[in-house]
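Hi everyone, thanks for coming. Please have a look at the sequence and the structure on the screen, and then I'll walk you through a few spots.

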Amino acid sequence: MNLIKRSLKFAIISRLLILFVATLTVIGFTISVVERDLAKEKLTNDLNVIGEILANRTIAALVFNDVSAATTNLSAAQFHESIEAICLYSQNRAFFAHYYRQEGDISCQPQIRDLADSSTLYLDNGMQIVKPVWDGTEIMGALRIYSNLDYVESTQQHVILVIVSAILLAIFAVYVIANHLLKRVLAPLQHLHTTAQHITQNVFSDIRAYKAKDDEVGQLVDVFNTMLDSLVDEHKMLHVSEQRFRTLADQAPIGIFLRDENDNFLYVNNSWQKMTGCKLPINMDEYKQKITHSDKLRAIQVFEHAKTANQSSSVEYRFATPQGKRKNFLEKISPITLDNGQLSGYIGSVLDITELKDARFELERMAFQDPLTGLANRRFFNEHLKLEIANAYKLKQQLAVLMIDLDHFKRVNDTKGHEFGDELLKSVADKLSEVIEADDLVSRMGGDEFMVLIRDIDTLADLDTVVKKLLKAVLTPLEHQSLLDVTASIGVAVYPKDGHTVGDLVRNSDIALYKAKDYGRNQAVYFSHTLDSEIKNKVKLEHKLRRAIIEDELMVYLQPQYDAAKKRFVWAEALVRWIDNEEGFIPPDKFITVAEETGLIHELGLLVLRKVCQYIKTYQAELSENGIEGVAVNISARQLFAKNFFDEVMAVIREFDVPPQKIEFEVTESLLMENAKQAVEVMNQLKAEGIKLAMDDFGTGYSSLAYLKHFPIDCVKIDRSFIKDIPHDPLDMELSSAIIAMALKLGLEIVAEGVETQEQSTFLHSQGCRLMQGYYFAKPMPIADVLTLKSASA
C-alpha cells in the first residue's frame, strides 16, 4: 500500500509538473518567437534609418564621383554592431565604395540589378537590405547593407533565460504546493489503508478509520467505517452459516464433497471419508483409480458431461476402498457457476448403496428362486419356458413340461412334522436335479409340487425313460429314513402337440397330473385331448353341482337296513341323488368325486344332514312305526377334518331338535388313517353327544386293525366287494366270516352292504351278522316310499 500511495503522490505531482512545464513551455516558446520577430523588426527599422542617413550623405560623393568621401561616410556604420558591411553602387549599377567590419567576409563586386528595388532579405546567417539613393526624383545609386543577427540572437537568449527561470521557479512552487496538499489529503487515506490492512488480518476487529475533518475525505471515512461494520456483520452471519453447514454436512449420513474447477477436493465430510476410506489431500485422478475398471469409463463420461453441459448428473459405480472393501456408490454431482457463467467448482453427494444393492439382489434371487430347495420358482420357470418355446419353434424341436406332485405328502407332515417334510422336499429337489440334463430345468411351484422342463426331445420313448427315472428318484430320499409310502404322480404335456404357450402347457400338464392321481397315483400320465374333454366336463359338472346345492335341486334317498333276527327294518342310510334338468340322472360316484376335489363336499354333506334331520323331525312317528330308529350319514375327510365341523353338525341337529342318538356318521377306513389322532378327537366329541359312529368299507383300505381299538366306533360295515361273490367264491366267504368274527369279539355291530340274494343273506346271518343292507331288502328310495315300507314288508 505504501508503494501504491507513493505512486499516487508521484503521479499527481508529476502530472501537475508536466502540465505546468508544458503550459509554460508553450507560453515561453510563443514569447520567444514573438520577441525574435520584434527583435528582427527593430533591427530592420534601425538599418533602414541608418540606410536613409547614409544614402543622403553619399549623394554628393556620387555626384562628384568622390570615392574617398563616400568611403568616409560609409565608415559611420561601424558604430552599429550589427552592420557587417555596406556596399555603394553608382548610377550605372557598378561598385563605387564599401565599408567592411572585417575584410574578406563579404564581397561587393557583384553588380546590383535594379537600383530602384528597395528590399529586405533574410539570409541563413544574417540580413541584407537594399536602399536606393535618390537625389530628388533622380536615382543616383543604391546601398546594400549586410547585417548579422547577433542582436536578435542575444535578445532571444535573454528571453529564453527568463522563461527557463520562470519555469524552474514554477516547478518548484508547484511541487511544494502539491506536496503540501497531498500530504493533507493522503494522511487520512494512509490511515484508511492501515485500518483496511488490519481488517484483512482480522475481519472481526473493532478498529475503525479516524475522521479528521468533515470534508469529502471525512465522508469517505464515514462510508468506509460503515462498510466495515456491514462486513463484520456479514462475516459473522457467514461464519455462523458456515458452521451450520459444516455441522450439518459432518453429521449427514451421506457423503458430501466440494471440488474446485480443476477437480481438486476442497472439502469432504466425515461420512464421505468413512464411505470411501480416503482422506484429504486426494486428487481426482487418485479417486478415479479406485473406481472399478468396468465402471470407470462410464463414471468419467458422466463427470465430463456435468462439466460441459453445466447441469447436475448422477452415476452409479463400484468403488474399492484403500482397506480392500468393495462398495456400490451412487454419486450426484452439480457444477457451481458464477454470474458470468464461469465454472468455479462442483458440489456433490455420495450414497453408499451396497446394502441396498445386496438387498435388491436378494429380492431378485428370491423372486426367481425357491428359498427352501434353491430351485427355480414358478415365475422363473414360466419366463424360462416362454424363451424355450420360442427357441423350439425356431429349431423345430419338441420339449416337455412335467408337473410332479408328491403323493400323500400331507401324511408326512402330519406324522413326521414339517421339518422332516422340508428335508424331504430338499432331498426330492436334489434327486430330480440329478436325473435331468444340465440344460433342462427343475423348479418348485409351491408346496409339494414341482415342474420339470425337458428340452430337445427326439422321441417320446426317450422322454418316457426320463419320466421313469424321475418317478424312481422320488422314492430314494426316504430309503433310510422312513417306511412312509411317499410316491409321485406326474403329468406330462409335450410341445407343440399339447400346446403352444406357457399357459397351455402348464394347464395341460396339470390336467394330466390330475388324471394320474385319479388313476391311483405313483404313475405318469401324458396329456391327451380326451383328458382335456374330461376336465372340461368336470368343470361344467362342478358349476352345475354348485348351482344345484344353492338351489336345493339335490334329493336325499334312504336305503333301509334289515335286521334278520327281528325280521324288520331298524335303521337307514342316507344317499344323495341328483336328477339334472338337462342330463337327467347323474350317478353319485360321478358328482361326489367332483365335490371331493372342489371342496363342495362340505356344503353337500351339510345339505344331506339337514335333509335327514328334517325327515326325522317331520316323519318321526311314521319312521318309528316302520322300525327305522335312525339314519346313517356319510361324511368325507374334508368334512371330518374341517375346523368347525363339530360345531356345524351340532348346530344343525339343535336347529331341528333331533336327538343325536338317531344320527349315525359313516367314515371310511382310509379317511381315519389320514390323520388318526385328529380323527379320534373329533369322533370322541361326536360320541360324547350320543351320535353313533360306523366304519364304512371296512377291509378295503389301510390295515387299521392296530388302530381299531382306539377308534370310538359302534359299527363296522362290510364292503360289498366281499359280499357280491358269495356263495360262489370261498375266499370271500372266509374273509367275510373273519371280519364278522373280529367285530363280534370287539363288541361292534356289523352291517353287510350289497346283499342282493337269499343265499348271501342266509350265509351272513349264519356267521352272526344280523344287520344287512342291499337291493334284496330295499333299494334307495325317496322319503315317501320309505313311509310305506311297513305294508310292503308285511
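D504 touches D498 and G499, leaving aside residues up to four places away in sequence; touching, or contact, means heavy atoms within 4.5 Å. Where is D504 found? D504 sits in helix 13, which covers residues 502-518. Helices here are DSSP runs of H or I with at least four residues, strands are E runs of at least two, and both are numbered from the N terminus. With a relative accessibility of 31%, D504 counts as partly exposed. Buried means under 20% relative accessible area, exposed over 50%, and partly exposed in between, using a 1.4 Å probe and protein chains only. The C-alpha atoms of D504 and A493 lie 8.9 Å apart, and these two residues are 11 apart along the chain.

A word on where this comes from. This is a predicted model, where local features need pLDDT of at least 70 and side-chain atom pairs count only at pLDDT 80 or more, while totals for chains, interfaces and linings use all residues. Residues are numbered from 1 along each chain as its sequence is written, and side-chain values use heavy atoms, with hydrogens and water left out.

Now the whole chain. The protein chain has 26 helices and 24 strands. Of its 794 residues, 44% count as buried. If we take contacts between residues at least 6 apart in sequence, 60% join residues at least 24 apart.

Next, helix pairs. Two packed helices are described by the angle between their axes and the distance between the axes. The axes are lines fitted to C-alpha atoms over the stretch in contact, and angles run from 0 to 180 degrees between N-to-C directions.

Helix 10 (residues 409-416) packs with helix 11 (residues 418-435) at about 135°, their axes 7 Å apart. That makes helix 10 oblique to helix 11: angles under 35 degrees count as roughly parallel, over 145 as roughly antiparallel, 65 to 115 as roughly perpendicular, and the rest as oblique. Among the residues making this contact are F409 and V412 of helix 10, and L424 and L425 of helix 11.

How do helix 19 and helix 21 lie to each other? The axes of helix 19 (residues 645-655) and helix 21 (residues 676-688) come within 10 Å and cross at roughly 20°, and the two helices are therefore roughly parallel. Here F645, F646 and V649 in helix 19 meet V682, Q685 and L686 in helix 21.
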